[in-house]
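Hi there,

Here is the structure I promised to pass on. Have a look at it first, and then read on for what turned up in it.

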Amino acid sequence: MTSVNVRRRTDHDIPACSDVLVQVHATDGYPVEGVGDPVAWLTPPSLLAAWVAEVNGIVVGHVGVSRPAGEAAVAMWGEHAAAASDSVAVLGRLFVLSRARSHSLGERLTRAAMAHAVELGRRLVLDVMEKDRAAIALYERLGWRRIGSTTHALEESGVPAYCYVSPRVDSVAT
C-alpha cells in the first residue's frame with residue numbers, strides 16, 4: 001500500500017528537498033537556476049512557508065510561498081488589478097520527482113499553497129516557463145488565470161514565460 005502525504009516543510013527536510021531538486025533538474029531542466037546551491041534556493045529570505053510531498057515517508061516534492069521580491073507576475077498583477085504588493089504572495093519552487101507524479105502531488109502541493117494564501121488573505125501569482133506545459137495545465141485546471149507574458153531571465157538569454165494569478169481567495173476549495 002502506498003502512503004501519500006503533503007505537510008509543512010521543516011528544516012530537517014532541506015537535505016532531501018535539495019536532492020530531489022537536483023534530480024528534477026536532471027530529468028526536466030527545472031529549475032533553470034538554484035541547482036548550484038539548492039539550500040539557498042529553497043530557503044530565500046522572502047519565504048513565508050513551504051510544504052513537502054512524501055510517498056511512503058520519502059520526500060518527493062516541494063512548493064513554497066514567498067513575499068514578493070521583484071517578480072514580473074507581481075508587477076503585472078499590480079498593474080492589472082491595482083493590487084498592493086502586500087496583498088499578493090508568490091508561489092514557486094514547485095517540483096515533484098517524475099517517478100512520483102502519478103499521485104497528483106503537484107496538485108496537492110499547489111492546493112496547500114493556495115489554502116495558505118487564503119489564510120493570509122493574499123492572492124498568489126507566479127511565472128511559469130512556456131516550455132513547462134504540464135505545470136501550465138495544472139495551474140489552469142485549478143482555476144489560475146493567465147495575466148500576461150514575460151521573459152524569465154537567465155545568465156545571457158531569456159526564456160518565454162507566462163504570468164498567472166490564483167483564483168480569488170474566497171473561491172479556493174481545499
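**What turned up**

Cys163 is buried, because its relative accessible area is 0%, and a residue counts as buried when that value is under 20%. Please keep in mind throughout that this is a predicted model. Cys163 sits in strand β7. Leaving aside neighbours within four places in sequence, Cys163 is in contact with Ala72, Ala73, Met76, Leu126, Asp127, Arg145, Arg146, Ile147, Gly148 and Thr150. The C-alpha atoms of Cys163 and Glu71 are separated by 9.5 Å, although the two residues are 92 apart along the chain.

That strand leads on to the sheet. Seven strands make up an open sheet with mixed pairing, ordered β1-β2-β3-β4-β5-β7-β6. At its edges are β1 (4-8) and β6 (145-153), each of which pairs on one side only. From one strand to the next, the twist averages 25 degrees. The strands β6 and β7 (residues 158-165) run antiparallel and are joined by eight bridges; Ala153 stands opposite Gly158 in β7.

Two helices are worth a look alongside the sheet. Helix α1 (residues 14-28) packs on the sheet and touches β2 (47-55), β3 (58-66) and β4 (88-96), with its direction at about 95 degrees to that of β3. Helix α5 (residues 133-141) lies across β4, β5 (123-129), β6 and β7, and runs at about 155 degrees to β5.

Is Ser66 buried or exposed? Ser66 counts as buried, because its relative accessibility is 8% and the cut-off is under 20%. Apart from neighbours within four places in sequence, the contacts of Ser66 are Pro44, Ser46, Leu47, Leu48, Ala89 and Val90.

The largest pocket has a volume of about 1100 Å³. It is lined by 44 residues, of which Tyr30, Leu94, Val128, Ala135 and Tyr139 are the closest to its centre. Which strand gives the largest share of the lining? That is β4, with seven residues. At least two lining residues each come from α1, β3, β4, α4 (105-120), β5, α5 and β6. Sorted by class, the lining of the largest pocket holds 24 nonpolar, 10 polar and 10 charged residues.

Key: Residues are numbered from 1 along each chain as its sequence is written. This is a predicted model: local features need pLDDT of at least 70, side-chain atom pairs count only at pLDDT 80 or more; totals for chains, interfaces and linings use all residues. Side-chain values use heavy atoms; hydrogens and water are left out. Two strands pair if DSSP finds at least two bridges between them. Helices (H or I, at least four residues) and strands (E, at least two) are DSSP runs, numbered from the N terminus. Axes are lines fitted to C-alpha atoms, for helices over the stretch in contact, and angles run from 0 to 180 degrees between N-to-C directions. Contact means heavy atoms within 4.5 Å. Buried means under 20% relative accessible area, exposed over 50%, partly exposed in between (1.4 Å probe, protein chains only). On a 1 Å grid over the protein atoms alone, a cavity is a set of points where a 1.4 Å probe fits but cannot get out, and a pocket is an open set with protein on both sides within 12 Å along at least five of seven lines; lining residues have an atom within 4 Å of a point. Grid points are joined across faces, edges and corners, and a volume is the space filled by probe spheres set on the points. Ala, Val, Leu, Ile, Met, Phe, Trp, Tyr, Cys and Pro count as nonpolar, Asp, Glu, Lys and Arg as charged, and the others, Gly among them, as polar.
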